[in-house]
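This report is for a reader who is new to the structure.

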Amino acid sequence: MSVRLPTAGLSLTRDEVLADYRVAVRSRIASQVGHREVLAGAAKFGIFGDGKEVAQVALAKTFAPGDWRAGYYRDQTLGMALGITSLHGFFSQLYSNPDPHADTASGGRQMVNHIATRFVDDEGRFVATLASRNSSADVSCMAGWMPRLLGLAYASKLYRDNPDLRDVGARFSAGGNEVIFGSIGDASTSEGLFFETMNAAGVLQVPIALSVWDDGQGISVPTALQTTKASISEAMAGFAETPDKPGLRIYVAAGWDYPALCDMYITAVAAVRRDHVPTLFHVTELTQPQGHSTSGSHQRYKSAERLDWERDHDCLARMRAWMTSVGIAEDAELDEVEAEERQLVEIERIGAWEAVREPIDAERRVLLGILAELAESSPSVTESASELASLRVPRRRDIEAAAVGSLIAARTADSETIKPLAGFLAAHRDHGRRLYRSHLYSESTESPLLVPAVAPEYSAGSPTVDGRLVLLRCFDENFGRDPRMFVVGEDVGRLGDVNLVFEGLQAKYGDLRFTDTGIREATILGQAIGAAMRGLRPIADIQYLDYFLFALQTASDDLASLHWRSRGGQKAPVVIRTKGHRLEGIWHSGSPMAAILDACRGIHLCVPRNMTQAAGLYNTLFRGDDPGMVIEVLNGYRVKERVPDNVGSFTVPLGIPEVLREGSDVTVVTYGACCRVALSAAEVLERLGIELEVIDVQTLAPFDVEHRISRSLAKTGAVIFLDEDVPGGATAYMFQRVLEAQEGWWHLDSAPRTVSAAENRCASASDGDYFCKPNREDVILAAYELMRDQRPGDFPEIFGRAR
C-alpha cells in the first residue's frame, strides 16, 4: 500500500504514513498531559503545538542533515519528528529541570517548547553541524527570531558563493545546500521584523523555507483584525517572484490535508535547496484544541460556531479519517497506536518528573539533617524545619528560605554550632547561582577576556594619519588574515562607509566580504547573528548609534541572551560596529549607554576614546568568541593618530581602564569623547592647583575587573563620573560599580559627583552641543566645588549660582 504524490512524483509507503501519524499522536498527547500538569501545579506555565501536528510531520520529511531551524514555541511536533525534541526533554523543560543533560535546549532557563540544539561542546568550541539537524535557540518575543533566520540562510549563500570558504566551512556547510526552516504564527506576521526579514530575503535570495501556522487567531484577535485581506499569502503577493524579477515563492495548503502538505513541502523545499529562492508556506485552517496557552480558556473569545468548526477540522481527526478511507489502516489498529503512545508519554513524563525532583529532595534531606542536629541546642529552628518538611513538592527557593530563616533564628548560638548551617547556605546559594546565572558570557578558553594583551608598537616610520585610516588598516589586515570575516551594513561597500573607514576594501576583497544593505538595522544584526552561529565571523555595521535602537530588541532578546538561555550550548560571536557621542543634532549625537547596558548584558560594550584604541578592541573581539559592540567617537575620524606597526594584531584587554593623566586631588572616571573634555579641564584646573586623575574605562562591560578605579580613589578621596548619557544613566552604572561593588565609598572625603548630558536630546550647532552635552567648564565647576568642600580656605566661593 502506498500513496502517490502527484507533484513531487513520489510515493509514501503505508509504514511511512503510520510512523508520521504515531509522531503526531505522541505530540498531541504530550500537549494534553503537559496542559494537565500545569493545571495541577506541577509546572509553572504551558504553551503547546497542538493543532499543528500534521503539517509538521509533513515538513519534517524535507529537513535534511545540516539544515537549520529558527522558529517559535508551536513546533514541538517538528522537533519530535526530527529527533531534536525527546519526550523526556519535553517534560524536563516543562518542569524546568536545570540539568542541561535533561533539558538540552536550555537547562531549565526557557519555558516548554523553546527548542534548541547544542552546537557548542562542553569546552565552548563549535562542533560540526553537517551531520545533525540543527535548531537555533527559540525566543518568545513575536517575530524576534526572524532576523536570525535571515542570517542562518545568508550563511548558506556565502558558503555557496564564496570559494574562499570551502575549506574553513567544511564542518558547517556542504557548498551552501542547507535550507533554513522558519515558522511563525499568522498573527505574528503583523510584526515589522517579519516584513523586514522577508523583504531582505527577497533581495538577497537566500534559502529560507518559512511556514506560517494560521489558526485564525492571535490569542483573542481574529485574522481579519491582524492582516490585510485576512490572508498573509494574499498580503505578500507583491513580494512574489515574476519571470523577470526575483522575489519570494508562495504556497498555500490546508493544515489538515496530509497528502497535499507532503506534496507541497517535498516539491517546494527541493527547489529552495536548489535555487536559493526564499519561500513562504501559508498553512491555513489550523486549530488550537487547548487554546493559546494554560493562562486562559479560548471558549471566552471563540464563538460556538468556531469551536464546532475546529472540532470538525482537527488535523489528527482528518488524517485518521483519510487513512481509513484509502485503506492505510483500520480504526482498531489506530486505536492501538494511540494507546501505545499514551502509555509511552506517561512513562517518559514520570521519568522526567523523578529526574527533576530527586536532587531537590536530596538537598532538603541534607538541610533537615543539619537542622535536626542544630535543634538540640537551638530549638528555635524547628519551626522552619517543620514548614520545610511539610511541603509536598518543595522548590530550591523553599530550601534556601528555610536555611536563611533557621540561621536568623539561631543567630545567638555559638559560631561553631551554626557553622554547618552557614556552610550549607553558602554552598546552596553558589549552586543556585551556577544553575541559573552561568554562561552570560563565554566560559571557554576562547573568551575575549583571555585574549593576551599585546601593546601597540611604533617605529620611526610609523605614519601619522587621520584616525579613520588607523581603522582601515586594522580591518584590512584582519580581513586578509581570516576569510570567515565579512561586514554588512548601509554604505559599507561601494562607498566604504560614510566616514570612509572601509574605503577601497570592497574592491580588494569583493562584495561578499563588504556588502551594502538596505536601511534595515534589525536584520543587519540578524544577518550577522545567524551567520555567526554557522561558523563565520561577521561585523554588523550600524551607521549611527542612534539607529541601533531599531536593532535593540534583536540585540537584547536574541544575541545578548543566546549563550545564557542555551546554558552555553549556542553562541554567536558577532561584532557590532557603530559610532556615536559627539556630533550635532537630535539623531546623530546619541549616547544612550544606560539603555544599551540595561538591555544588552551578554554583549561586551567597548567605548574607545580614539581610533587606535578602537582598533585594539576590535582585534581582541575578533580573537574571542563572545559578541561585542564597539562605539567609535564620531568626531574622531579626522583627528591625527600614529598607526601602530602591528595595527592588525595588537590588542586592548577588556575591562582594564587606562590612566590618561595622573593626579592627586580628584579622580575623573569617563570614556569615549569625554576623555578629551576631561583632559582639557585638567589643564585649566592645574593652574588653580587642582590635579585631576583622568581614567578612561575603555569598556563599560566588563567594567574595571581589577578594581583600578578604587585604588585611584584611595589616593584622591574624590570622584567625578563623566559621560554623555542622560543624568542617572551610565554615570549611575559606573557609580554603582565603583562605589558599591568596589567599595570605593570607603575612600571618599567628599560626596561623589556626576557630570552628564541634559535630559533632552542634543540641539544642533555648536552652542546647542555645548549646552546639551557635558563640556570642559562643567568639569571645572564640579572639580572646584569638590575641592572647596575639602579645603574651603584654599578654594573660596567664586562660582555662586553658576553651579
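Helices (H or I, at least four residues) and strands (E, at least two) are DSSP runs, numbered from the N terminus. The model is predicted: local features need pLDDT of at least 70, side-chain atom pairs count only at pLDDT 80 or more, and totals for chains, interfaces and linings use all residues. Residues are numbered from 1 along each chain as its sequence is written, and side-chain values use heavy atoms, with hydrogens and water left out.

**Glycine 744**

Glycine 744 sits in the loop between helix H23 (730–741) and strand S24 (753–755). Buried means under 20% relative accessible area, exposed over 50%, and partly exposed in between (1.4 Å probe, protein chains only). Why does glycine 744 count as buried? Because its relative accessible area is 0%, glycine 744 falls in the buried class. Contact means heavy atoms within 4.5 Å. Leaving out residues up to four places away in sequence, glycine 744 touches Ser710, Leu713, Val738 and Leu739. Glycine 202 is 542 residues away from glycine 744 along the chain, and their C-alpha atoms are separated by 55 Å.

**The sheet that holds S24**

Two strands pair if DSSP finds at least two bridges between them. An open sheet is formed by 5 strands with mixed pairing, in the order S19-S21-S20-S23-S24. Its edge strands, each pairing on one side only, are strand S19 (658–661) and S24. From one strand to the next, the twist averages 25°. For such angles, axes are lines fitted to C-alpha atoms, for helices over the stretch in contact, and angles run from 0 to 180 degrees between N-to-C directions. Within this sheet, leucine 722 stands opposite valine 755 in S24. Helix H22 (residues 708–716) lies across strand S20 (666–670), strand S21 (692–696) and S23, and runs at about 155° to S20.

**The sheet that holds S15**

Another open sheet has 7 strands, again with mixed pairing, in the order S13-S12-S14-S15-S17-S16-S22. Strand S13 (514–516) and strand S22 (699–701) are the edge strands, each pairing on one side only. Neighbouring strands of this sheet are turned by 20° against each other on average, direction ignored.

Strand S15 (residues 575–580) is mostly covered, with 6 of its 6 residues buried. Val575, Arg577 and Lys579 point one way from S15, while Ile576, Thr578 and Gly580 point the other way. S14, helix H18 (residues 552–565) and S15 make a right-handed β-α-β unit. A crossover is right-handed if, with the strands pointing away from the viewer, the path from the first strand over the helix to the second runs clockwise.

| Strand pair | Sense | Bridges |
|---|---|---|
| S23 (residues 719–722) and S24 | parallel | 3 bridges |
| S14 (residues 537–541) and S15 | parallel | 3 bridges |
| S15 and S17 (residues 628–633) | parallel | 6 bridges |
| S12 (residues 485–489) and S13 | parallel | 3 bridges |

Isoleucine 576 in S15 is the bridge partner of alanine 540, and threonine 578 stands opposite isoleucine 631 in S17. In S13, threonine 515 is the bridge partner of valine 488.

**Cores**

A nonpolar core is a set of buried Ala, Val, Leu, Ile, Met, Phe, Trp, Tyr and Cys residues joined through side-chain atoms within 4.5 Å. The largest such core has 190 residues, of which Tyr265, Phe475, Phe548, Val574 and Leu700 touch the most other members. Helix H1 (residues 14–39) gives this core its largest share, 10 residues. Another core, of 24 residues, lies apart from it and includes Ala718, Leu722, Ala782 and Met787. Phenylalanine 548 touches Ile542, Ala555, Ile576, Ile596, Cys600 and Met629, not counting residues up to four places away in sequence.

The expected span of a helix is 1.5 Å times one less than its number of residues. Helix H5 (residues 146–161) has 16 residues and reaches 23 Å from its first C-alpha to its last, close to the expected 22 Å. Because 14 of its 16 residues are buried, H5 is largely enclosed by the rest of the structure.

Helix H17 (residues 521–533) has 13 residues and reaches 19 Å between its first and last C-alpha, close to the expected 18 Å. H17 is mostly covered, with 13 of its 13 residues buried. Just after H17, glycine 535 takes a positive phi of about 90°.

Leucine 82 lies in helix H3 (residues 76–82). Leucine 82 counts as buried because its relative accessibility is 12%.
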